[in-house]
Amino acid sequence: MNILFALISGLIFGLGLIISGMANPAKVQNFLDLFGMWDPSLAFVMGGAILITAPGYWLVRKRSKPFFASAFQIPTRKDFDKKLIIGSSIFGIGWGLIGFCPGPALTAIPFALFGDYAFQETLIFVVAMLVGMLMVQKLLKLI
Amino acid sequence: METEFTPFISLVGGMLIGLSAVIFMASIGKTAGISGIVARFLTITQLKEFSSNYKVSLAFIIGLLLAAPAYFYVAGDLPQQSVSSNVYLLVGAGLLVGFGSALGSGCTSGHGVCGISRGSKRSIAATLTFMITAFITVYISRHVIGA
């Protein structure tokens with residue numbers, strides 16, 4: 001059952017990204033371009049998401065456990081460490097350079113099946129992104 | 001490429017992302033952070049058996065990949081998209097996005113949506129940090145170098 005719900009969650013997440021326009025890196029970069037052709041749409045995406053997630057989480061967490069798992073797995077750390085700030089800074093630079101973050105990039109891979117879309121470019125980005133993640137896992141000796 | 005300001009559909013799309021995060025938490029009990037889900041999927045390549053964690057991550061990723069076909073099936077087309085064709089930029093940005101989100105334990109979804117929604121101070125700090133470096137990066141690349 002949890003496999004089915006993970007699949008449904010991923011599908012709705014991807015649909016949300018496509019509908020909101022965030023699968024288009026130009027739209028993301030234009031949000032970040034305050035002094036150019038600014039497109040504030042991304043703020044509405046995040047706002048809409050938080051508008052649902054914040055009360056939704058609050059309601060769900062009133063339960064003692066999720067429907068199809070034994071316990072909630074919520075990050076518990078409260079401290080600000082170097083990894084959080086340095087990692088987020090690096091992520092922001094890459095995000096600004098290309099306009100893709102992990103969700104939209106994965107969602108955009110199959111676009112090319114349905115028209116003239118940038119398949120190779122998206123795939124190159126995703127492979128490099130996976131390599132970047134593996135580098136951290138090696139570095140932190142997670143694997 | 002200039003893009004149209006789309007407050008209504010962006011809000012609706014955002015609400016779907018929120019709905020997905022709530023369903024994921026209610027059913028499986030995890031935050032719907034894409035970088036975390038993908039990173040979990042990657043660590044598991046080292047394990048000998050398919051854990052439940054792995055299957056959940058894989059199912060979520062398959063769901064993401066099915067979104068475009070589902071959208072196309074209903075709407076008949078997909079939104080316009082403009083991606084840089086500069087290979088060096090794609091590789092460099094991909095490495096930075098992957099490395100940074102893994103080191104910082106989250107991206108726009110994990111910190112920006114799920115983290116802020118549960119009032120995590122770490123996620124609020126992370127979101128402010130990557131927003132600022134992204135604003136600066138776009139400013140420099142478009143108005144200093146690209147001008």
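Why does B:Ala134 count as buried? B:Ala134 has 26 C-beta neighbours inside 10 Å, and the cut-off for a buried residue is 20 or more, so B:Ala134 counts as buried. The model is predicted.

**Chain B as a whole**

- Chain B holds 6 helices and 0 strands.
- Read from the N terminus, the order of elements in chain B is α-α-α-α-α-α.
- The C-alpha trace of chain B covers about 50 × 40 × 35 Å along its principal axes.
- Chain B has 147 residues, and 53% of them are buried.
- Of the contacts in chain B with a separation of 6 or more, 44% are between residues 24 or more positions apart.

**Where chain A meets chain B**

- Contacts between the two chains involve 110 residues of chain A and 106 residues of chain B.
- On the chain A side, at least two residues come from each of helix 1 (2–20), helix 2 (25–32), helix 3 (41–60), helix 4 (82–98), helix 5 (102–108) and helix 6 (119–139).
- Helix 1 of chain A supplies the largest share of that side, with 18 residues.
- Sorted by class, the side of chain A that touches chain B consists of 73 nonpolar, 29 polar and 8 charged residues.

**The largest nonpolar core**

- In soluble globular proteins, nonpolar side chains tend to be buried together.
- The largest nonpolar core in this model contains 83 residues.
- The residues with the most contacts inside this core are A:Ile18, A:Ala49, A:Phe125, B:Ala21 and B:Val22.
- Helix 1 of chain B, residues 7–28, contributes the most to the core, namely 11 residues.
- B:Val22, one of the residues with the most contacts inside the core, touches A:Ile52, A:Thr53, A:Gly56, A:Tyr57 and A:Val60 when residues up to four places away in sequence are not counted.

**B:Ala134 in its surroundings**

- B:Ala134 sits in helix 6 of chain B, which covers residues 121–145.
- Apart from neighbours within four places in sequence, B:Ala134 is in contact with A:Leu32, A:Gly92, A:Trp95 and A:Gly96.
- B:Ala134 and B:Thr3 are 131 residues apart along the chain, and 18 Å separates their C-alpha atoms.

Technical notes:
Residues are numbered from 1 along each chain as its sequence is written. Chains are lettered from A and ligands numbered from 1 in the order in which they are written. This is a predicted model: local features need pLDDT of at least 70, side-chain atom pairs count only at pLDDT 80 or more; totals for chains, interfaces and linings use all residues. Helices (H or I, at least four residues) and strands (E, at least two) are DSSP runs, numbered from the N terminus. A residue is buried if 20 or more other C-beta atoms lie within 10 Å of its own, exposed if 12 or fewer, and partly exposed in between; C-beta atoms are placed from the backbone. Two residues are in contact if their C-beta atoms, placed from the backbone, lie within 7 Å. Ala, Val, Leu, Ile, Met, Phe, Trp, Tyr, Cys and Pro count as nonpolar, Asp, Glu, Lys and Arg as charged, and the others, Gly among them, as polar. A nonpolar core is a set of buried Ala, Val, Leu, Ile, Met, Phe, Trp, Tyr and Cys residues joined through C-beta atoms within 7 Å.
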